[in-house]
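This report goes through one chain of the structure shown here.

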Amino acid sequence: MITIPADKRGLTFLDDVVAETPGGERLVHCMQCGSCGGSCPNGPDMDHTPRTLFALIEAGQRDRVLKSNTMWRCVSCYSCTSRCPQNIPITDVMYALKRISLREGVANGSDAPALARTFTGLLDKYGRSFEFGLASRYYLFNKPLSMLKMGPLGLSMFTKGRMSLIPTKIRQLGQLQAIIKKAKEMGGEA
Amino acid sequence: MKYAYYPGCSLECSSAAYDISVREVADVLQLHLREVDDWNCCGATEYFSQDELTACSVIARNLALVDPQLDQLVAPCAACYLNLKKTDHLMAEEPAFGAKVNEALAAGGLHYDAGRVRVRHLLDVVYTDIGETAIRDKVVRPLTGLKVAPYYGCQVVRPLNSFDNPEHPTRLDELFTWLGADVVNYPLKSHCCGGHMTQISEAQAFELIRRLLQCAVENGADMILCMCPMCQLNLDAYQRQVNNYFSTSYNIPIVFFTQMLGLAFGIEPGKLGIGKEIIPIEPVLRAKLSGATA
């Protein structure tokens with residue numbers, strides 16, 4: 001179990017992660033059993049499995065944690081969370097690490113941060129997701145060579161009536177944007 | 001029974017077959033679904049990766065817009081369902097956070113009291129609120145002889161789960177037994193499809209998709225039934241790319257469970273979005289379910 005000496009509380013990387021995660025105080029109960037990594041469908045593609053990551057967090061290895069790809073390989077399947085014997089909200093810890101790494105400008109998760117930003121940028125603009133816009137912008141700016149491979153898929157989706165070239169906008173876009181603006185002011189978005 | 005309905009962005013276009021079939025099936029089952037007026041995108045997993053307060057505020061706008069006369073909200077998409085439910089849960093569990101969300105909502109003249117709306121997944125409503133007897137009563141074209149592989153994915157059954165087992169879910173299996181189908185038991189039925197990884201890392205995503213297809217095929221499935229647009233997209237639209245990548249030859253149709261439910265209720269395939277799938281289901285229907293082809 002991770003224990004924090006009283007005089008170190010509020011000072012460690014672990015505290016930062018706990019503070020960023022809803023229910024994050026459970027993190028101190030990690031007993032390094034490895035159920036999380038064993039359950040993770042993407043464990044083999046991670047720099048560190050979740051179990052290792054939690055040991056690194058405890059050890060204050062801020063850089064190694066925040067620059068790793070681990071959290072960016074997490075697709076929120078919640079297998080680890082549902083199996084953790086200590087009820088640590090592991091998926092939410094991964095979200096917290098993504099946010100901290102973006103905020104500190106050290107995110108190193110290949111194209112995942114770019115996909116996240118492109119997606120929410122379109123949400124902010126239209127109020128709805130826009131799949132064609134997402135795919136074209138994301139591929140153009142991040143992996144232009146892959147656009148060729150995506151062509152046939154895009155075409156078949158289009159011919160099946162499953163891809164629109166025009167975004168849908170919500171009516172009260174101003175209202176949504178005012179909410180987003182306020183939330184960002186209060187939350188300090190990365 | 002009356003519910004607010006949150007279709008979500010995927011159901012507008014890329015998974016229109018889900019939306020169309022949900023509405024048809026709801027008519028038969030007398031589920032009155034009232035679409036949330038002017039709903040916005042739930043942000044999928046992408047806003048939570050950047051800013052939790054904004055993520056929840058964007059989602060809470062939808063909860064605030066639920067008709068005051070309705071206290072239950074139905075979402076067919078797994079990600080929307082989880083986001084709506086999670087936001088309500090976070091606001092209730094952490095009142096200080098809930099107050100911040102409401103401060104953001106106030107900038108748009110809105111307010112949401114945590115716990116006011118109960119968020120439900122469509123499968124839960126069909127299974128629990130309608131139930132076996134009423135569903136069996138509506139079956140006019142039993143799915144006898146069809147081998148279906150129910151696929152649960154992740155976000156409905158695992159986090160904050162309240163209606164099925166997170167490790168070994170069975171609700172969709174049971175539902176299809178009521179329809180007369182031959183339900184295939186396969187061990188990966190709640191494993192991950194890779195989610196947005198198809199956009200980020202082919203190698204990672206395609207292996208997850210391949211495992212699922214292989215497991216369903218190995219166990220004799222004629223088709224995979226989905227309850228999430230992302231799962232359907234990954235297994236259906238990427239199936240040919242997966243074949244190219246691994247030199248495999250999977251050709252298994254992937255449909256939404258509501259489409260097959262509709263066929264069992266005697267609704268015409270064209271009204272259920274049958275034909276919008278990339279791997280056509282028509283040959284399977286023609287071979288095994290007479291009278292159900294377009």
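At roughly what angle do the axes of helix α2 and α3 of chain B cross?

## Basis of the model

This is a predicted model, in which local features need pLDDT of at least 70 and side-chain atom pairs count only at pLDDT 80 or more, while totals for chains, interfaces and linings use all residues. Residues are numbered from 1 along each chain as its sequence is written, and chains are lettered from A and ligands numbered from 1 in the order in which they are written.

## Helices α2 and α3

The axes of α2(B) (residues 52-64) and α3(B) cross at roughly 100 degrees and come within 9 Å. Axes are lines fitted to C-alpha atoms, for helices over the stretch in contact, with angles from 0 to 180 degrees between N-to-C directions. α2(B) is therefore roughly perpendicular to α3(B) (a term for angles of 65 to 115 degrees). Helices here are DSSP runs (H or I, at least four residues), numbered from the N terminus.

On the α2(B) side, the contact includes B:Cys56, B:Ile59 and B:Leu63; on the α3(B) side, B:Leu84, B:Asp88 and B:Met91 are among the residues met. Residues are in contact if their C-beta atoms, placed from the backbone, lie within 7 Å.

## The two domains

Chain B has domain 1 (2-121) and domain 2 (140-288), with bounds from an automatic or database domain assignment. Their centres, taken over C-alpha atoms, are 25 Å apart.

In the contact between them, 23 residues of domain 1 of chain B meet 23 residues of domain 2 of chain B. On the domain 1 side, α1 (16-29) and α3 (78-93) of chain B each give two or more residues, and α1(B) gives the most, with 9 residues.

Technical notes
Two residues are in contact if their C-beta atoms, placed from the backbone, lie within 7 Å. Angles under 35 degrees count as roughly parallel, over 145 as roughly antiparallel, 65 to 115 as roughly perpendicular and the rest as oblique.
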